[in-house]
Number of protein chains: 2
Amino acid sequence: MNSGARPTVRMEEVARHAGVSPATVSRVLNDRGKCSAKTRERVLAAIRDLGYVANAAARSLAQGRTGSLGFLLPTIGTEFMSSFLQVVASAATEEGYDLLIALRSESSLRRMLGRHNTDGVLIFGSAMGEASLRRLAAEGFPALLVYRTPPPGLSLPSIAIDNEAGVRESVEHLIQAHGRRRVAFLQGPAGNEDAGRREEAYRATLARHGLPVDPRLCRSGLSAEEARASTMAWLREQAPFDAVVGWCDAAAIGAMDALRSEGRSVPADVSVVGFDDIGPARHLDPALTTVRPPTELVARLAVRELVRLIQSGQRGAGEPQPRLGLAVELVLRRSCGCSR
Amino acid sequence: MNSGARPTVRMEEVARHAGVSPATVSRVLNDRGKCSAKTRERVLAAIRDLGYVANAAARSLAQGRTGSLGFLLPTIGTEFMSSFLQVVASAATEEGYDLLIALRSESSLRRMLGRHNTDGVLIFGSAMGEASLRRLAAEGFPALLVYRTPPPGLSLPSIAIDNEAGVRESVEHLIQAHGRRRVAFLQGPAGNEDAGRREEAYRATLARHGLPVDPRLCRSGLSAEEARASTMAWLREQAPFDAVVGWCDAAAIGAMDALRSEGRSVPADVSVVGFDDIGPARHLDPALTTVRPPTELVARLAVRELVRLIQSGQRGAGEPQPRLGLAVELVLRRSCGCSR
DNA sequence: TTGTATGCGTTATCAC
DNA sequence: GTGATAACGCATACAA
């Protein structure tokens, strides 16, 4: 906390320096109660002179709040997550909160709720198991799910996107605009809700259009590398397919990689579409057709809503929890067969 | 902090439940002092039963440490930063610290040092101005610069990479292996030290090989978009160039984009190289030749060193500060003209 | 408008 | 080994 040469300067010292009491310094610092402009000036000057900074722990202890939000996420190292995190971080700052991040892990979680005591947590996707979610909900700790809906029976606020609509639109586009009939799918992680819903929507859309759902045409797209391997396997086994839907852009990119290296043309031979619209998507050759979720909106809404939860005090278990499914947008580029 | 229905369970309640004193509970919790296995068991049981979690603020106040590290960064939303942050986050967890992140901003900084009181801060690149750095150094607060060396006269520990060697190697490769003579450069942000050193190295290497440094061939590569525009400008003005060196991969990607859209072949007409080796680099067509910094090593070293600083107590202003310049690696792919 | 006194929940220093 | 008790630094009734 203070490992400098000079000892920590406390509020008391500021008070002496300004010729007032500690309470007055505290008031000036927090804009509480009225005080004359003159003393206010003196106090501020003393603070500047001494380089005083309030001790966060003491403040938290006295106020009963920490002024920080926790963000629990499964992993940071993806294009998608980094842009999301960027928005969350600035939104938190705007709302006057610090942001504490923790990678998926039970111990991190306990530390957020316990050791470091955040005022509330944002839980991204599969960053937290169902059992922990239940405990959390039972404790009534302010928490909000992002890119995930609460498990059945659990009443937790959540902000998710409309995965179904996104995949439905993209698959229908492949079928109707480009005449594709044998659509393959690159699957996401098993526990991932977004991934699951997207796969469901893929199957449902094919079925709705009277197309067969070939089990061979569903393979792992956990990473670009796995997607690449899966696509190679399709080619090797001569599975008949004329389109690939990636559960996310990285998977789609892996597929394009494999197709190119095997001399297949995208989109002439095979259409490829993704999901997420990560930064590189538009710079690929051909540029990737994909589904764009309102990332920035989600992040801002999430932070704002969490802050509202915190500031509204106790969460009434009775009142309905907000559960938003935000609209997504199909971005047509060249990898599906469109001319732009 | 606690907005649940039931009131916060404090250490005192745990003590009552276990039939011991609060002091004993504290000891069990922190593994301090000896206590019989039997009481220890009882206390742990009580903690479990009541779902007790320690109040972080009170603990910090009593101990004089927060158990969290601050990470000050200019922006999160880049491939490079996201992978770096990922490692920093897990390293911090391994060392037993929480990670508090803040985007570049003076107010964020003050909050890290003051309002939230981290035990030490990691400062990435240009995230903090020189004036603030001086103040920080003067206060003796544990801080470590990453991807940046301290300004002259300032004694702050830092961990940086060998930008010069990286660019020297890549430019020499263009010259010697591929016979390039007119090498253009896409510049980074003005305040960015890495960017500056890379540009210097670019000029120095050309000079060392008796090649002219054409001022027209240095343009902005702040983002992929700007790099694209700069490359378009070179083409439009018919500036003679047969190679482009991007200060970072994103810039190189923008250049490749522009070249492709204008019908130029990479690498047949123009060689392109980048810096950073971000994830997508290997998936481009052609795959991007680039310089790979030891990102993971830097992140781990940084966290470890900062923790050492913190735990070693006061930073002796006299002892020499570590100032590492870590080795980088030239990764040859196809965009420079190599066959793989 | 300003000062005084008390409490926030934990750790640490003593005694026992 | 274990239990009282005093800090830790700040916010806030309450009194002035």
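## Where α1(A) meets α3(A)

In chain A, Glu13(A), Val14(A), His17(A) and Ala18(A) of α1(A) touch Arg42(A), Val43(A), Ala46(A), Ile47(A), Asp49(A) and Leu50(A) of α3(A) (contact means C-beta atoms, placed from the backbone, within 7 Å). By class, that contact has six nonpolar, one polar and three charged residues (Ala, Val, Leu, Ile, Met, Phe, Trp, Tyr, Cys and Pro count as nonpolar, Asp, Glu, Lys and Arg as charged, and the others, Gly among them, as polar).

This is a predicted model, where local features need pLDDT of at least 70 and side-chain atom pairs count only at pLDDT 80 or more, while totals for chains, interfaces and linings use all residues. Residues are numbered from 1 along each chain as its sequence is written, with chains lettered from A and ligands numbered from 1 in the order in which they are written.

## The core

The largest nonpolar core runs to 165 residues, and Val88(A), Leu122(A), Val88(B) and Leu122(B) have the most contacts inside it (such a core is a set of buried Ala, Val, Leu, Ile, Met, Phe, Trp, Tyr and Cys residues joined through C-beta atoms within 7 Å). Leaving aside residues up to four places away in sequence, Leu122(A) has neighbours including Phe71(A), Val88(A), Leu144(A) and Leu306(A).

## A look at Phe71(B)

Over in chain B, Phe71(B) sits in strand β1, residues 68-73 (strands are DSSP E runs of at least two residues, and helices H or I runs of at least four, numbered from the N terminus). Phe71(B) is buried, with 26 other C-beta atoms within 10 Å (20 or more is buried, 12 or fewer exposed, in between partly exposed, with C-beta atoms placed from the backbone). Its C-alpha atom is 6.1 Å from that of Ile123(B), 52 residues apart along the chain.

Methods
Contact = placed C-beta atoms within 7 Å.
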